[in-house]
Amino acid sequence: MTADDRDWADDYRDCAEALRDLQFHLDAELSPDEAARLVAHIEACPPCAVEEDDFRRLKEAIRRHGSAVDQTVVARLRARCDDLLADPTAD
Ligand SMILES: [Zn+2]
């Protein structure tokens with residue numbers, strides 16, 4: 001997904017920006033306006049919807065299991081997120 005082929009009515013420059021906001025959103029750190037913009041993007045952007053689902057599952061697992069969560073899994077997901085932010089077209 002590039003900035004050129006998007007057709008949703010938000011003002012993110014690209015998905016990397018949306019994914020960055022997603023991290024704040026999952027921590028409930030976005031303002032209502034920012035959260036609404038992010039949700040609008042996610043609803044219109046399947047790749048970001050997949051990322052949102054993955055991160056929600058991770059947050060849920062951490063909430064349920066606390067310190068029992070395998071930290072290597074957390075580290076791997078964080079690394080994957082960093083990769084996506086560095087190159088939004090990466091698979
Ligand atoms: Zn997106």
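Colleagues, what we have before us is a predicted model, in which local features need pLDDT of at least 70 and side-chain atom pairs count only at pLDDT 80 or more, while totals for chains, interfaces and linings use all residues. Residues are numbered from 1 along each chain as its sequence is written.

I begin with confidence. The pLDDT, which is the predictor's confidence in each residue on a scale from 0 to 100, has a mean of 81 over the protein chain, and 79% of the residues reach 70 or more. Confidence is highest in H2, at a mean of 93, and lowest in H4, at 80.

Next, the overall fold. The protein chain contains 4 helices and 0 strands, and its elements run α-α-α-α from the N terminus on. Of the 91 residues, 13% count as buried. A residue is called buried if 20 or more other C-beta atoms lie within 10 Å of its own, exposed if 12 or fewer do, and partly exposed in between, with C-beta atoms placed from the backbone. As for contacts, two residues are in contact if their C-beta atoms, placed from the backbone, lie within 7 Å. Among contacts between residues at least 6 apart in sequence, 58% join residues at least 24 apart.

Let me turn to helix H1. It covers residues 15–26, which is 12 residues, and reaches 16 Å from its first C-alpha to its last, close to the 16 Å expected. The expected span is 1.5 Å times one less than the number of residues in the helix. Which residues of H1 are buried? They are Cys15, Ala18, Leu19, Asp21, Leu22 and His25. Seen down the axis of H1, these buried residues fall within an arc of 165°, so they line one face of the helix. The arc is taken over the directions from the helix axis to the C-beta atoms. The buried residues of H1 pack against helix H2 (32–44), helix H3 (46–65) and helix H4 (71–86).

The end of H1 also deserves attention. Alanine 28 follows H1 and lies in the loop between H1 and H2. Its phi is near 60°, a positive value in a residue other than glycine. Alanine 28 counts as exposed, because it has 7 C-beta neighbours inside 10 Å.

I come now to the core. A nonpolar core is a set of buried Ala, Val, Leu, Ile, Met, Phe, Trp, Tyr and Cys residues joined through C-beta atoms within 7 Å. The largest one has 8 residues: Tyr12, Cys15, Ala18, Leu19, Leu22, Leu38, Ile42 and Cys48. H1 and H2 each supply at least two residues of this core, and the largest share, 4 residues, comes from H1.

Setting aside residues up to four places away in sequence, alanine 18 touches Tyr12, Leu38, His41 and Cys48. Leucine 38, in helix H2, counts as buried because it has 23 C-beta neighbours inside 10 Å. Beyond its neighbours within four places in sequence, leucine 38 is in contact with Ala18, Asp21, Leu22, His25 and Leu30. The C-alpha atoms of leucine 38 and cysteine 48 are separated by 9.7 Å, the two residues being 10 apart along the chain.

Finally, helix H4. Its end C-alpha atoms are 22 Å apart, which agrees with the 22 Å that its 16 residues should span at 1.5 Å a residue. How many of the 16 residues of H4 are buried? The count is 0, and H4 is hardly covered. Leucine 84 is found in H4 and is partly exposed, with 19 other C-beta atoms within 10 Å. The C-alpha atoms of leucine 84 and leucine 19, 65 residues apart along the chain, are separated by 8.3 Å. Arginine 20, in helix H1, is partly exposed, with 15 other C-beta atoms within 10 Å. Its C-alpha atom is separated by 9.8 Å from that of leucine 84, 64 residues apart along the chain.
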